[in-house]
Every structure is written in structure tokens, then in C-alpha cells.
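Please read it with the sequence and the structure side by side.

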Amino acid sequence: MEYLHTMVRVADLEESLKFYCEKLGLQEISRVDNDKGRFTLVFLAAPGDAESARENKAPLVELTHNWDPETYTGGRNFGHLAYRVDNIYAICQRLMDEGVTINRPPRDGHMAFVRSPDGISIELLQKGEALEPEEPWASMENTGTW
């Protein structure tokens, strides 16, 4: 397992970039504008992690800016922790066997979400290419929120 990134939702992307980059000193590593989803993702790294972040896409802070105005309450502005795993099906099965709810199953062989006992979302991402879809994951519904 490898630590990838922490996601934080931001209301004003430019103000947030001023804070994280100009004041705090993080560096922008990459950016994704998604017109269909109406959001922008900006990935930042500490100067000492910048080379690794460019090569490995980790460790990063992901700023998520939803284009439609939204008031964040109840911790919604903090998104999730993300980890790259060797076999997404194996870890989801192990977690399920231990009584953990798979909130967003890995139907695509690539991504799943679970929650910690304190309600923190944890994103699990398959290392390398997505695995071929397989049951029971391919037909499993989402449970709760993630």
C-alpha cells in the first residue's frame, strides 16, 4: 500500500492557490479541468516531494473546486485519504470479512471507497491498470455515502 493524496474541497480556487502555493510554499504538480463534471482538480506537493509527486503521483494534496457554488458543512470540505493497493479486490474482501462496509465497491476494478470508524472516507486505487471486472464487485451497489 502507498499513500497517494488527501483531498480538500475549496470554495475559491484562486484564493486557495494563493494560500497553499504563495504563502505555504507548495508547488502545483498537475491540474484537471472537467467540463462535464463541472470541477477542477489541482494537485500540490511540498517542494521536497515535488520530484516524487511528478513521477509517482504521490504524495499530494488535491484541491477540488466544484464550479457550482456549494456551502460545505459537516466536514464535507475534507474529502478523503487515498491509497494505492496491489489488489483492490483482495483488500476489499479482507475489509468486508472484518466487518467494514464497502461504500463504493470496485465495480470497475480500479476504485473503491470505505469509511473509517470516525467517518473519514478512504479511497482505494488499484496499482497499475484496472483489474478485469469480477463478481461480486461488478454488480454490487453503493452503500451509504463516501
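This is a predicted model: local features need pLDDT of at least 70, side-chain atom pairs count only at pLDDT 80 or more; totals for chains, interfaces and linings use all residues.

- The side chain of Ser139 makes a polar contact, at 2.6 Å, with the side chain of Glu135.
- Although Ser139 and Arg107 are 32 residues apart along the chain, their C-alpha atoms are separated by 6.8 Å.

**Arg9, a buried charge**

- Arg9 belongs to strand 1, which covers residues 2-9, and it is buried without having a salt bridge.
- The nearest side chain of opposite charge to Arg9 is that of Glu70, which is 5.5 Å away, whereas a salt bridge would require a separation within 4 Å.
- When neighbours within four places in sequence are left aside, the residues in contact with Arg9 are Thr64, Asn66, Tyr72, Arg76, Asn77, Phe78 and Gly79.

**Strand 3 and its two partners**

- Strand 3, made up of residues 39-45, is mostly covered, with 6 of its 7 residues buried.
- On one side of the pairing scheme, strand 2 (residues 27-34) and strand 3 are antiparallel and share 7 bridges, and within this pair Val32 stands opposite Leu41.
- The hairpin of strand 2 and strand 3 has 4 residues between the strands, and in it Arg38 adopts a positive phi near 60°.
- Strand 3 is also joined to strand 4 (residues 60-66) by 6 bridges, again in the antiparallel sense, and here Phe39 stands opposite Asn66.

**Nonpolar cores**

- The largest nonpolar core contains 11 residues, including Val85, Ile88, Tyr89, Ile91, Cys92, Val114 and Trp137.
- Helix 3 (88-97), strand 7 (111-115) and strand 8 (121-126) are the elements that each give two or more residues to this core, and helix 3 gives the most, with 4 residues.
- Tyr89, a member of this core, is in contact with Pro106, Gly109, Leu131, Glu132, Pro133, Glu134 and Trp137, once neighbours within four places in sequence are left aside.

Note on methods: Residues are numbered from 1 along each chain as its sequence is written. Side-chain values use heavy atoms; hydrogens and water are left out. A nonpolar core is a set of buried Ala, Val, Leu, Ile, Met, Phe, Trp, Tyr and Cys residues joined through side-chain atoms within 4.5 Å. Buried means under 20% relative accessible area, exposed over 50%, partly exposed in between (1.4 Å probe, protein chains only). Contact means heavy atoms within 4.5 Å. A polar contact is a pair of N or O atoms within 3.5 Å; within protein, one must be able to donate a hydrogen and the other to accept it, and residues adjacent in sequence count only if both atoms are side-chain atoms. Lys and Arg count as positive and Asp and Glu as negative; His and the chain ends are not counted. Two strands pair if DSSP finds at least two bridges between them.
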